[in-house]
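Thank you all for coming; please have a look at the chain on the screen, and I will then walk you through it step by step.

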Amino acid sequence: MAPLLEVEDLRVEFGRGPETASVLNGVSYHVDEGETLAVLGESGSGKSVTAQTVMGILDLPPGRITGGAVRFRGEELLGADPERRRLLRGESMAMIFQDALSALNPVYTVGFQIAEQFRFRRGLSRRDATARAVEMLDQVRIPNAKQRVKEYPHQFSGGMRQRAMIAMSLALDPELLIADEPTTALDVTVQAQIMDLLDELRRERGMGLVLITHDLGVVAEVADRIAVMYAGRVVEHADAATLYARPGHPYTRGLMDSVPRVDDVAGAPLRPIPGLPPSLAAIPDGCPFHPRCAHAVDRCVTEVPALRELGGDHQAACHFAERFVAEGTDRPTTHEVVSG
Ligand SMILES: Nc1ncnc2c1ncn2[C@@H]1O[C@H](COP(=O)(O)OP(=O)(O)OP(=O)(O)O)[C@@H](O)[C@H]1O
Ligand SMILES: [Mg+2]
């Protein structure tokens, strides 16, 4: 059976002529029903552009889709009728954004904004739609929903606003939810609560979830599988436990070393990955990560590494992936990372 969502060899450019930036250089990932895929990578690696292309909300122009496929339950979406895309958005696939405050309209009550979808997409009366909005606020565990539904976004805390955004995205009962950095603007405790909520809602609804983040720590507990992006490519993919224990790409290792660990000595310095991601207008020859890689040799400068199969649905785009997998890490398993 076809996966819920399948992105295959997706290519997107911005700009023209010498200014052209290849933002996606062959992104592939898939999400099955009811599972959570985390998409991880530094700023600018193409996580959001991929999500926007999947949702059909990428600005074209300046963006240009130059290749690849996006399939929802086997149906090709690139080039599909705009009316079909509009129907799928909300009904079948929904997305929540990093900044809930700017995504909510300040002049309407939270309830009105949720109710709108029931009115316009389901034809409910204003009163029935408001009742459904209260139910949605309840579902995202907003206390006193009957009262809260009448309030404006500025009367909600950051965490509550993000919950309201989640309620809005789930109103039409989508089968796939893409959450683009849903917790970056929140403090650590609230981040964990929102992650738990998303995880519970996924389970209750049997929904597929794509969790976009630059923070490995945030998704450690909830991700089934993880796709690591670098310079517009997926450079490693594995189930979460494998990725933690036996990363095959030095970049993945670097991401792990830059995340605080529960067993770190208090105050021990984190080791950020040296250097910066490449300019997408001038991606280096060979392995795009080689200028920052402590293990790079001549071959890495000249030859682009293909994704290598490492067994058990684990792939990494490094010439020496097998060696790194065999070495493993001294780090605890996912479960230990989370629970200590
Ligand atoms: N509308 C646009 N016009 C031109 N370039 C764009 C546009 N949108 C995105 N880009 C470029 O595409 C690249 C990938 O951006 P994207 O937003 O997907 O990164 P990201 O991985 O989501 O990063 P972040 O963690 O910062 O959200 C960046 O270099 C960005 O500057
Ligand atoms: Mg982004």
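Predicted model: local features only at pLDDT ≥ 70, side-chain atom pairs only at ≥ 80, totals over all residues.

**A walk through the chain**

Of the 340 residues in this chain, 51% count as buried, where buried means under 20% relative accessible area, with a 1.4 Å probe and protein chains only. Residues are numbered from 1 along each chain as its sequence is written, chains are lettered from A and ligands numbered from 1 in the order in which they are written, and side-chain values use heavy atoms, with hydrogens and water left out.

Let me start with the overall picture. The chain has 14 helices and twelve strands, and these are DSSP runs numbered from the N terminus, helices being H or I with at least four residues and strands being E with at least two. Its radius of gyration is 21 Å, close to the 20 Å given by the globule rule for 340 residues, so the chain is as compact as a globular protein of that length; the radius is taken over C-alpha atoms, and the rule is 2.2 Å times the number of residues to the power 0.38.

How are the strands arranged in the open sheet? Eight strands form it, in the order β6-β7-β8-β3-β9-β10-β12-β11, with mixed pairing, and two strands pair if DSSP finds at least two bridges between them. Strands β6 and β11 (308-309) stand at the edges with a single partner strand each, so one side of each is left without a neighbour in the sheet. Within this sheet, β7 (residues 176-180) and β8 (residues 208-213) pair in the parallel sense over five bridges, and L177 stands opposite L209 in β8.

Now to β4 (residues 63-72), which runs antiparallel to β1 (residues 5-14) and is joined to that strand by eight bridges; here E8 has A69 in β4 as its bridge partner. Strand β4 is also joined to β5 (residues 75-76), again antiparallel, by two bridges, with R71 opposite E76 in β5. These two strands, β4 and β5, form a hairpin with two residues between them, and R73 in the turn has a positive phi of about 45°.

Finally, which residues of helix α2 (residues 82-91) are buried? They are R85, L88 and G90, and these buried residues pack against α1 (47-55), β4 and β6 (93-96), a contact meaning heavy atoms within 4.5 Å.

Methods:
Buried < 20%, exposed > 50% of the residue type's maximum accessible area, 1.4 Å probe, protein only.
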